[in-house]
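Have the structure open while you read.

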Amino acid sequence: MTKKEIASYIDHTILLPEAGVKDVEQICNEAAKYSFASVCVNPVYVPYAVSALKDTGVKVCTVVGFPLGANSTSAKALEAKDAIDNGADEIDMVLNIGAARDGRLSVVGSDIATVVQTCREEGKKHGKNIIVKVILETCLLDDSTIVNCCLCAKKAGADFVKTSTGFATLKDIDGKLLPNGASEYHVKLMRETVGPDMGVKASGGIRTANMAATMIKAGANRLGTSSGVRIIENWKEDLL
């Protein structure tokens, strides 16, 4: 896989709460330079990113219900609508994690379906097909719940399932932080569950070319990372 090809997998991401305009400007410039798939920014920066990336071919992605997924469904739908009205092309929503862990799958599915429907309707008004990705937060879910959530997202008509926000704070008994991002195992499980026709986005902790290659081999066809430039600059075609 060439550098140009791997670039088309990358959502160049900056979701830190302290990110300012200069930070967003930088990732937009980098995304345009390397022809990344998208930039992923917090909702407040969608209008800026849309303006900065006009005519570059780089999409603007933003997040909904981020990072906890604990907003009401109506709030998520309104957030998605607002983002699309501001020019967003892709929406990464966090599902209702608590409902997923409880096994309340009808709530999980309804939450996703409402946001997907909102994105379809609002996108149509703007002449766009909005891509919807559903963030599972895999580090907080067991395998059967991951499978069930993937199936909920697929049934709801989402375009992708996504591993992580990168902001979960899972700790062991001594308070030590545990891995909270994408894993090869979870990406494989998600790909096996949704099949070949739905997207799988690996996100969280992908900082090297080798890790990017591992995620793609496991079944990811989109990568959320703040290390896109490093990955491209260190990419070798024999990695894939």
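## Salt bridges and a pocket

D92 has a relative accessibility of 0%, so D92 counts as buried, the cut-off being under 20%. Keep in mind that we're looking at a predicted model here.

What does D92 pair up with? Its salt-bridge partner is K162, and the closest N and O atoms of the two are 2.9 Å apart. D92 sits in strand 4 (residues 90–94) and K162 in strand 6 (residues 160–162), so this pair ties together parts that are 70 residues apart in sequence. Is K162 buried or exposed? K162 is buried, with a relative accessible area of 2%.

Now let's move to helix 4 (residues 73–85), where both D85 and K81 lie. They're four residues apart, about one turn of the helix, and they form a salt bridge whose closest N and O atoms are 2.9 Å apart. D85 is partly exposed, with a relative accessible area of 34%, and K81 also counts as partly exposed, at 30%.

K81 forms a salt bridge with E122 as well, with the closest N and O atoms 3.8 Å apart. This pair links distant parts of the chain: K81 is in helix 4, while E122 is in helix 6 (residues 105–125), 41 residues away. E122 is buried, at a relative accessible area of 6%.

| Salt bridge | Closest N and O atoms |
|---|---|
| D92 and K162 | 2.9 Å |
| D85 and K81 | 2.9 Å |
| K81 and E122 | 3.8 Å |

Next up is the empty space. Rolling a probe the size of a water molecule over the atoms shows where such space is left. In this model, the largest pocket holds about 440 Å³ of space.

Which residues lie nearest the centre of the largest pocket? They are T165, G166, G204, G205 and S226, out of 21 residues that line the pocket. Sorted by class, the lining has 12 polar, six nonpolar and three charged residues.

Note on methods
Residues numbered from 1 in each chain as written. Predicted model: local features only at pLDDT ≥ 70, side-chain atom pairs only at ≥ 80, totals over all residues. Heavy atoms only, no water. 1 Å grid on protein atoms, 1.4 Å probe; cavity = no way out; pocket = protein on both sides within 12 Å on 5 of 7 lines; lining within 4 Å. Points joined across faces, edges and corners; volume = space filled by probe spheres on them. Nonpolar A, V, L, I, M, F, W, Y, C, P; charged D, E, K, R; others polar. Salt bridge = Lys/Arg side-chain N within 4 Å of Asp/Glu carboxyl O. Helix = DSSP H or I, 4+ residues; strand = E, 2+ residues; numbered from the N terminus. Buried < 20%, exposed > 50% of the residue type's maximum accessible area, 1.4 Å probe, protein only.
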